[in-house]
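Subject: Handover of a structure and notes on its contents

Dear colleague,

Please find below the structure that I am passing on to you. My notes on what was found in it follow directly after.

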Amino acid sequence: MSEAAAGDLSVSIWRGGADGAFARYQVPARASQTVLDVVTHVQRHIDPTLSYRFACRVGMCGSCAMTVNGRPRWTCRTHVSKVAEGGRLEIAPLANLPVIKDLAADMSPFFEKWQAAGGAFAPTLSRADPVEPIRPSEPDRVVADAGIECINCGVCYAGCDTVRWNAAYVGPAALNRAWTLMNDRRDGAQRERLAAVAADGGCHACHSHQSCQDFCPQSLSPTGAISGLKRMAMKAYLRGELKP
Amino acid sequence: MEIERIRTDILILGSGGAGLFAALHAHDRNPDLAVTVATKGLLGKCGCTRMVQGGYNVSLHAGDSVERHFMDTIEGGKWLPDQELAWTLVSTAPERVRELENEVGCFFDRNPDGSLHGKAFAGQTFDRTVHKGDLTGIEIINRLMEQVWKRRGIGKLEEHRALALIPTPAGDALAGVLMADIRTGHLRFVQARAVLMATGGGPTMYRYHTPSGDKSMDGLAMALRAGLPLRDMEMVQFHPTGLLAGPDTRMTGTVLEEGLRGAGGHLLDGAGRRFMADYDPKLERATRDVVSRAIYAEMKAGRTTPNGGVYIRMSHLGPADVAKRFKGMVDRCRDCGFDLAGGLVEVVPTAHYFMGGVACRPDTATELPGLFVAGEDASGMHGANRLGGNGVANSTVFGGIAGDRMPDVIAASGGFREPDESRIAAEAARCLHPFTRKPGDVNALRERLMDLMWDEVGVVRDAAGLRRGLAGLDAIEAELLETGIADGARAFNLTWHDWLNLRSLVETSRVIALAAERRENSRGAHYRADFPEPGDLATSTFTVVRRVGESLTITDEPVRFTRVRPGETLLEPPMAAE
């Protein structure tokens with residue numbers, strides 16, 4: 001490892017599993033450098049056993065999210081200059097998920113909950129049918145489109161206080177997806193999904209702290225989606241379509 | 001080392017468009033079968049289908065036809081495609097898009113009247129590219145992965161790396177696949193009655209490349225060692241505008257979309273001079289291969305930007321308009337520290353897609369019984385050039401076909417086959433080899449490989465350079481085999497996997513260089529400075545490389561014009577395709 005120089009970053013990286021600890025590294029600062037590049041430098045040049053996850057490098061796969069100076073972020077699209085405070089970086093795995101090793105979190109609870117909230121399209125047509133004509137200006141389609149570009153990176157889930165306090169809570173991403181499906185008139189599981197998201201651990205568990213929309217790298221509003229689900233569930237109670 | 005044994009009726013390697021479609025189709029065709037998807041990263045989150053920006057070519061619109069899509073594909077492929085594979089691609093695409101919309105739950109962009117929007121895409125005579133904004137791949141993969149997660153019967157082996165295709169002792173069929181569990185570092189032999197290889201190609205052996213970081217040609221390296229024929233291996237597609245952000249950043253090489261040039265973006269040399277007029281009257285709107293070669297020539301002539309590329313300039317179109325029209329690109333550049341809308345951004349040609357791969361039949365079967373192949377691991381659909389929008393069509397069409405076919409083949413051919421234990425042992429030793437050598441600098445070798453391939457086997461090739469390339473590959477491989485990794489921490493050891501990636505890349509790089517040396521003409525993505533003419537189309541051949549014993553053999557096979565011959569068209573009334 002080279003001597004610490006004025007241009008170096010002082011980087012603390014989580015090593016080990018849940019009972020691990022931070023280790024400190026000196027990484028040369030560069031003009032074009034993302035947090036993922038910093039992590040990569042440590043693995044390539046300082047400690048070849050450092051574990052982390054990434055794939056696409058451009059903010060499309062959502063594999064590389066980590067906690068950077070206390071906040072969940074995509075590391076591939078986070079320039080060091082935007083987040084390094086006094087040349088200091090602290091990088092940890094995503095919160096609210098089990099740690100596999102070092103910076104790699106186990107995402108499976110996140111996807112289990114996505115499914116628990118009815119997060120899959122239920123078809124009513126088949127490949128033998130023509131594609132359904134749907135005008136992009138239809139109000140429910142506009143609502144669905146507003147939330148559809150989620151890449152399931154887990155940033156909102158890791159940043160959610162309610163998830164931290166309530167392990168049963170399915171979290172913002174799953175509810176956001178459920179909301180887009182509730183506004184998809186091609187879907188055939190509306191009633192079942194509404195029952196799922198209105199159950200314990202569903203939309204009513206949200207305390208509207210709005211961290212999800214503050215943190216969402218895609219600028220989506222899971223908070224808005226969750227309030228939409230709450231309203232929809234309330235109407236269904238009043239109509240007697242949903243048991244309280 | 002202890003090697004765990006598990007069984008599944010169907011094993012699918014890869015979770016891009018091909019792998020996920022195969023899993024859905026196989027499971028839905030026979031839910032009693034055990035179907036397992038093994039993927040190098042997380043399910044649906046690695047690989048390149050997710051990164052598709054452009055869209056999906058399909059003849060679903062009034063005025064278009066399967067024949068027209070076919071002719072565009074054949075013309076684009078410079079008459080090298082296998083016409084039965086290309087026909088299967090274009091004729092199955094409409095059903096696949098209807099399935100994506102109606103059963104999987106994708107929602108593609110609509111016209112104001114509610115019908116599917118088709119956008120214009122380079123090299124096509126009809127605006128047939130169905131898309132979801134410029135994030136089409138995310139919509140397709142997100143919806144597919146949800147459907148796979150929903151089917152609880154589909155097994156998942158995430159963060160599992162395929163190491164080797166293991167045949168029977170007689171070598172007459174595939175018995176299963178040796179894998180490494182990346183998380184634990186343990187080896188596992190997965191015995192399967194049918195295997196789909198859909199790991200994606202991904203020419204990441206070049207200095208500048210677009211594919212996701214997990215891609216390292218593992219599938220083709222495994223196929224080569226299994227003795228399978230690889231075709232069109234000289235055909236590497238370069239995209240003209242990869243982001244050039246300097247060394248030591250993973251941002252470098254990532255693609256800046258085609259539409260920037262289409263909309264009127266300018267390319268400038270290091271001194272700020274617009275240079276495309278020196279190369280083609282269509283200027284920046286010339287085809288990918290022409291623009292890539294022009295930029296490459298500017299770089300060779302030394303007229304470069306500080307990091308050794310050229311500039312793209314959009315600001316003359318109005319920064320506010322550019323920021324609105326290309327929001328995704330502008331946002332990404334901004335996050336990475338560059339002002340695409342108002343400033344200059346350095347770009348460089350970047351290796352994007354691999355047309356070469358395993359030779360296969362239209363039903364995705366290979367020469368080895370039990371092994372099927374789809375997506376970028378397969379070859380013959382695109383010939384010398386892939387049309388933008390035919391990549392995701394290819395992976396989803398043939399992944400689905402493989403998923404339909406494998407249960408039928410299993411029903412007809414019976415049970416599990418016993419593996420050649422000596423091959424398992426040899427392949428296990430091969431992957432553990434770096435732990436037997438003194439630790440060294442794997443990354444330095446990776447850097448050398450990328451420079452070598454870029455310089456000698458890249459955008460513009462000639463005989464002398466290709467010979468230097470082949471010699472350089474031998475030297476890098478020899479050094480790699482003496483470069484070790486400290487043992488003791490095999491769990492989630494990315495450096496071990498970097499080593500394995502590099503070995504796959506060196507093996508496939510050698511095949512690319514050999515095939516490029518063999519083709520003494522210039523077609524599509526393959527350009528020989530010493531043989532710049534395309535050659536006679538009517539007597540077109542394609543290259544086939546296979547390993548026999550310890551050596552590689554290469555042959556030229558005649559293209560069979562089973563549906564249309566050069567100079568003819570399937571379109572009625574005849575229209576000249578451009």
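The C-alpha centres of domain 1 and domain 2 of chain A lie 29 Å apart. The bounds of these domains, 8-105 for domain 1 and 108-238 for domain 2 of chain A, come from an automatic or database domain assignment.

Before I continue, two remarks on conventions are in order. This is a predicted model, in which local features need pLDDT of at least 70 and side-chain atom pairs count only at pLDDT 80 or more, while totals for chains, interfaces and linings use all residues. Residues are numbered from 1 along each chain as its sequence is written, and chains are lettered from A and ligands numbered from 1 in the order in which they are written.

The C-alpha atoms of chain A fill a box of roughly 70 × 40 × 30 Å along the principal axes. Its secondary structure comprises 10 helices and 7 strands; helices (H or I, at least four residues) and strands (E, at least two) are DSSP runs, numbered from the N terminus. Of the 244 residues of chain A, 51% count as buried. A residue is called buried if 20 or more other C-beta atoms lie within 10 Å of its own, exposed if 12 or fewer do, and partly exposed in between, with C-beta atoms placed from the backbone.

Residues 24 or more positions apart account for 65% of the contacts in chain A with a separation of 6 or more; two residues are in contact if their C-beta atoms, placed from the backbone, lie within 7 Å.

Where domain 1 of chain A meets domain 2 of chain A, each contributes 15 residues to the contact. On the side of domain 1 of chain A, the elements giving two or more residues are strand 3 and strand 4 of chain A, and the largest share, 4 residues, comes from strand 4 of chain A. By class, that side of domain 1 of chain A has 8 nonpolar, 4 polar and 3 charged residues. Here Ala, Val, Leu, Ile, Met, Phe, Trp, Tyr, Cys and Pro count as nonpolar, Asp, Glu, Lys and Arg as charged, and the others, Gly among them, as polar.

Strand 3 of chain A

Strand 3 of chain A (residues 65-68) is covered on both faces: Ala65(A) and Thr67(A) on one side, and Met66(A) and Val68(A) on the other, are all buried. In a regular strand, side chains alternate between the two faces of the sheet. Two strands are said to pair if DSSP finds at least two bridges between them. Strand 3 of chain A runs antiparallel to strand 4 of chain A (residues 71-74), joined by 4 bridges, and Met66(A) has Arg73(A) as its bridge partner. In the hairpin of these two strands, with 2 residues between them, Asn69(A) takes a positive phi near 45°. Strand 3 of chain A also pairs with strand 5 of chain A (residues 88-92), in the antiparallel sense over 2 bridges; there, Thr67(A) is partnered by Ala92(A).

Chain B and its contact with chain A

In chain B, 53 residues are in contact with 52 residues of chain A. Helix 3 (83-104), helix 4 (136-150), helix 9 (327-335) and helix 14 (494-518) of chain B each supply at least two residues of the side of chain B that touches chain A. The largest share, 8 residues, comes from helix 4 of chain B. By class, this side of chain B has 18 nonpolar, 17 polar and 18 charged residues.

UniProt, in an unreviewed entry, places the feature "domain: FAD-dependent oxidoreductase 2 FAD-binding" at residues 9-392 of chain B. Such positions are given in the numbering used here, feature names are shortened, and annotations may be inferred rather than shown by experiment. The end C-alpha atoms of that span lie 26 Å apart, and the span is 27% helix and 21% strand.

Why is helix 5 of chain B (residues 218-225) largely enclosed by the rest of the structure? The reason is that 7 of its 8 residues are buried, among them Asp218(B), Leu220(B) and Met222(B). Just after helix 5 of chain B, Gly227(B) takes a positive phi of about 85°.

Yours sincerely
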